Amino acid sequence: MRDVVITGIGVVGPHGVGMSSLSTSAQDGRCAFAQWPATADPPHPQSRIATVADYPKTRYFSERHLRLMDKAMSMSAFAAGVALADAGFEDGAAPPHTATMLGTARAEQTSIHKFMLPLVQGKPERLNPSDFPLVARNISCGQIAIRFALRGPSSVLSSGSIASIEAISRGARLIRNGRAEVALVGGMEVLSKFALYMSRKLYGDDLLTGKPAFLGEQGGALVPSEGACLLVLESAEHAERRQARIYARITACAAGRQGRGEAGATLHACWNDLTRSASMTPDQVDVIVAGSGGGNRAHERAETSALDRWVGENDAAAIVVPRSLVGEGEAWTSALQVACAARMLAGDTTWPVRDLASDTGETLRQRAAGGNSVKRAALVSGIQSQGAYSAMLLQPA
Amino acid sequence: MNRRVVITGMGAVSPYGRGVETLWSGLLSGESAMQKIRHFDPAPYRSGWGGEVPREVYDLPNERERLGAADEDSAYFLSMAVEEALTMAGVGPGFDDNARVGCVLGTLCAGLRNLRDICHSFENRLEPELPVGASLASYQLDHITRRHNLTGPSSMVSTACSSTTDALGYAFDLVRHGDCDACVSGGGDVLSEAIHAAFNGLQSITTSRPRPFDQARDGFFIGEGAGAFFIETLDSAMSRGARIYAEIVGYGLSNTGYHLTATSEDGAGEALALLRALEDAGLRPDHIDFINCHGTGTRYNDGSEIRAINHVFGEHARNIHITSNKASIGHCMGVAGALEAASTAMTLDRQLIPPTAHSTGDETELVSQLVTGEPLTRPIRYALSQSFGFGGACSCIALARHDQHTPEPAHA
């Protein structure tokens with residue numbers, strides 16, 4: 001079994017490009033939310049969304065190429081290029097057998113809507129064959145493989161908001177078991193008028209209060225978000241051989257689904273098992289990077305309950321909630337949780353959680369205040385509305 | 001931890017109907033399930049051929065309600081297939097929390113019928129009639145895990161037409177590495193008008209009969225259905241005296257990195273998935289007796305697949321028997337891999353290869369022995385089932401007769 005390390009991070013999100021701009025925004029208490037467009041039927045006068053503004057799209061593709069790509073493809077391929085460059089692989093120099101493992105909850109929906117429109121309008125003869133490939137959820141992954149000449153094991157997971165954490169775990173597994181040396185992993189999501197319509201139907205009441213609320217019981221409003229976050233994983237030997245900068249090691253992964261038992265207790269038990277499997281004790285976890293989305297939905301409340309118990313038992317653990325900065329971006333923000341954990345193990349202090357719920361407990365409030373160092377371990381908690389969960393333990397290089 | 005993993009339960013819903021035995025006898029018959037499409041009016045399209053699940057399965061009285069899958073057809077098919085797989089394995093149908101049975105599924109088109117209705121509602125500012133969640137790829141995963149209380153690791157693979165072969169490999173990983181002791185795998189898919197229209201636009205849908213590896217080929221028809229497996233450790237199966245259909249010994253994935261929709265010219269990217277499956281299984285190319293091919297019956301796929309086989313197996317390619325199920329059940333998109341892997345497991349279990357319907361196998365580059373006409377009885381110890389999809393996705397699973405397999409793991 002080989003050690004797996006994170007050597008590259010590529011992010012494009014509402015805050016801009018890269019983790020530094022996100023870190024600065026977090027420390028300055030800024031977020032990049034915009035008004036929910038009036039043309040997309042805002043659920044509340046204060047409803048917000050988090051969209052990606054401009055980024056240097058032509059760094060990796062010509063204008064002509066970009067015209068054939070959808071937003072999911074261009075954002076994720078850009079993030080892939082940034083992650084590879086961050087890992088020290090010059091353009092086109094990543095090992096050809098690099099694995100590609102991505103996750104998305106529903107990045108394809110916007111293109112499916114566009115492709116299906118002629119059928120909906122009763123004009124099948126107007127279907128555009130060039131839009132057809134964009135219907136496949138793995139097409140962005142294929143574009144990344146083509147652009148960066150990667151022919152390693154390749155897959156895309158579409159299991160909801162934790163799909164990207166599952167993809168990262170799967171990439172780590174391939175490396176750990178000697179089936180890949182390097183893996184490009186992560187997730188992406190996309191907003192559009194149609195995606196916002198779907199968000200309204202899927203999130204329902206969780207959009208109606210107008211303002212997010214984290215780590216409490218009272219309902220808050222989700223801020224739909226888009227972006228892409230990709231990471232480069234490597235075997236420790238491979239990274240050391242080429243003297244790559246290492247953000248963190250991935251030392252343990254766990255996943256499961258909520259059964260008939262109490263949800264918070266199941267998560268808490270999973271986190272305990274995770275630390276045990278990495279030969280650590282729970283009090284050595286310096287931060288939990290939580291999956292809370294700002295709506296205090298049932299699965300978020302379960303996580304809050306587990307966090308509450310965890311911080312009661314362990315004096316050291318701080319809490320970070322990336323979605324309080326970038327919105328509920330489903331799979332892209334789940335990948336961002338892992339990137340945040342890696343950054344903190346590499347030197348960033350914890351970021352304060354914005355928009356805590358009015359009923360957030362005092363201990364949770366203190367642990368979410370930010371400014372803590374992360375020296376020993378960071379635990380990433382992935383949660384999903386249908387009861388699936390995924391967790392990952394990261395340790396310093 | 002590397003444990004041996006076996007298939008002890010299988011389920012299928014296919015264009016032949018409900019059940020693995022129905023699928024198997026249909027494949028052995030050499031008769032294609034291709035029919036005129038009835039779910040939508042195919043008149044606007046160049047070809048109207050498809051392979052829908054028979055009407056009587058769609059309309060089974062009270063079955064959708066019993067299975068709790070009223071809102072989405074692929075989840076309905078999959079619910080039937082999973083139930084059959086669990087019954088065959090003699091486990092479930094519900095599990096305790098601490099059983100931690102995993103679930104890894106795959107799909108391409110699940111939810112697309114519903115999504116079309118939702119697009120219509122969006123365009124016309126109407127309330128959708130169906131729950132929006134039933135248009136998501138993950139809907140069937142949530143449904144199956146909830147219905148059977150599967151509390152182990154779960155995921156949904158969506159790598160176009162290679163989805164469920166990939167999913168079975170992922171499930172195999174979870175069991176052999178000890179993440180769970182047993183796992184449900186498979187997936188459900190539907191014949192969507194949008195996909196039929198698009199493949200028509202690419203002139204990939206046959207206007208005559210599907211003929212994989214035949215110079216007269218003119219494409220495939222789209223099928224639908226579901227395939228399901230219950231897999232567990234060999235130790236677990238032996239200890240409870242379960243019947244074992246096949247052992248999963250390895251799998252391989254690759255990306256051709258060549259083109260978003262076309263398979264590669266030289267088959268090199270596809271060959272990587274085959275080579276990785278062999279390496280993972282600790283097998284040499286000359287161990288392989290049989291390949292259940294992707295075999296779409298399009299010029300590009302057949303060409304690159306033959307070249308991949310010739311590249312990987314060299315002279316031994318001449319000794320390998322191959323078949324394509326797609327001439328019989330159509331190209332079932334995301335679940336093609338699951339149905340073809342089920343067929344491959346049956347081949348290992350019965351030592352019988354179903355024929356490739358309609359084909360003469362006269363493709364000039366083909367050196368392997370395409371089974372045509374009648375089923376062929378052969379001693380088969382090791383077999384591959386392979387799938388290729390859009391986005392350059394390639395997946396290959398290696399199966400064995402568990403009583404004739406001597407494990408030589410390639411990796412710790």
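## Exercise 1: Aromatic pairs

In this predicted model, counting over all chains gives 17 aromatic pairs.

Task: Classify the pair formed by the rings of A:Phe132 and B:Phe390, and state where each residue lies.

Solution. 
- Step 1. A pair of aromatic rings is described by the distance of the centres and the angle of the planes.
- Step 2. The ring centres of A:Phe132 and B:Phe390 are 5.3 Å apart and the planes stand at 70°, so the pair is edge-to-face. The cut-offs used are centres within 6.5 Å and planes over 60 degrees apart.
- Step 3. A:Phe132 is in the chain A loop between helix H4 (109–120) and helix H5 (139–147), while B:Phe390 is in the chain B loop between strand S16 (382–388) and strand S17 (393–400); the pair therefore joins two chains.
- Step 4. Both A:Phe132 and B:Phe390 are buried.
- Step 5. One aromatic cluster contains these two residues together with A:Phe115, B:Phe199 and B:Phe220.

## Exercise 2: The interface

Task: Describe the interface of chain B and chain A by its residues, its buried area and its salt bridges.

Solution. 
- Step 1. Chain B gives 79 residues to the contact and chain A gives 61 residues.
- Step 2. About 5700 Å² is buried between the chains, with 60% of this area from carbon and sulfur atoms.
- Step 3. B:Phe122, B:Asn255 and B:Leu260 account for 11% of the area that chain B buries against chain A, more than any other three residues.
- Step 4. Six salt bridges are counted between the two chains. One of them links the side chains of A:Arg179 and B:Asp173, at 3.9 Å from N to O.
- Step 5. Several elements of chain B give two or more residues to the side that touches chain A, among them helix H5 (112–123) and helix H8 (193–201). The largest share, nine residues, comes from H5(B).

## Exercise 3: Helix H8 of chain B

Task: Is H8(B) largely enclosed or exposed, and what does H8(B) pack against?

Solution. 
- Step 1. Eight of the nine residues of H8(B) are buried, so this helix is largely enclosed by the rest of the structure. Among the buried residues are B:His196 and B:Phe199.
- Step 2. The packing partners of these buried residues are H4 of chain A and, in chain B, strand S4 (49–51), H5 and strand S8 (222–223).
- Step 3. At the N-terminal end, B:Ser192 caps H8(B), with a side-chain oxygen 3.2 Å from the backbone nitrogen of B:Ala194.
- Step 4. After H8(B) comes B:Gln203, with a positive phi near 60°.

Notes:
Residues numbered from 1 in each chain as written. Chains lettered and ligands numbered in written order. Predicted model: local features only at pLDDT ≥ 70, side-chain atom pairs only at ≥ 80, totals over all residues. Heavy atoms only, no water. Phe/Tyr/Trp six-rings, centres within 6.5 Å; stacked < 30°, edge-to-face > 60°. Helix = DSSP H or I, 4+ residues; strand = E, 2+ residues; numbered from the N terminus. Buried < 20%, exposed > 50% of the residue type's maximum accessible area, 1.4 Å probe, protein only. Contact = heavy atoms within 4.5 Å. Buried area = accessible area lost by both parts, 1.4 Å probe. Salt bridge = Lys/Arg side-chain N within 4 Å of Asp/Glu carboxyl O. Polar contact = N/O pair within 3.5 Å; in protein donor to acceptor, adjacent residues only side chain to side chain.
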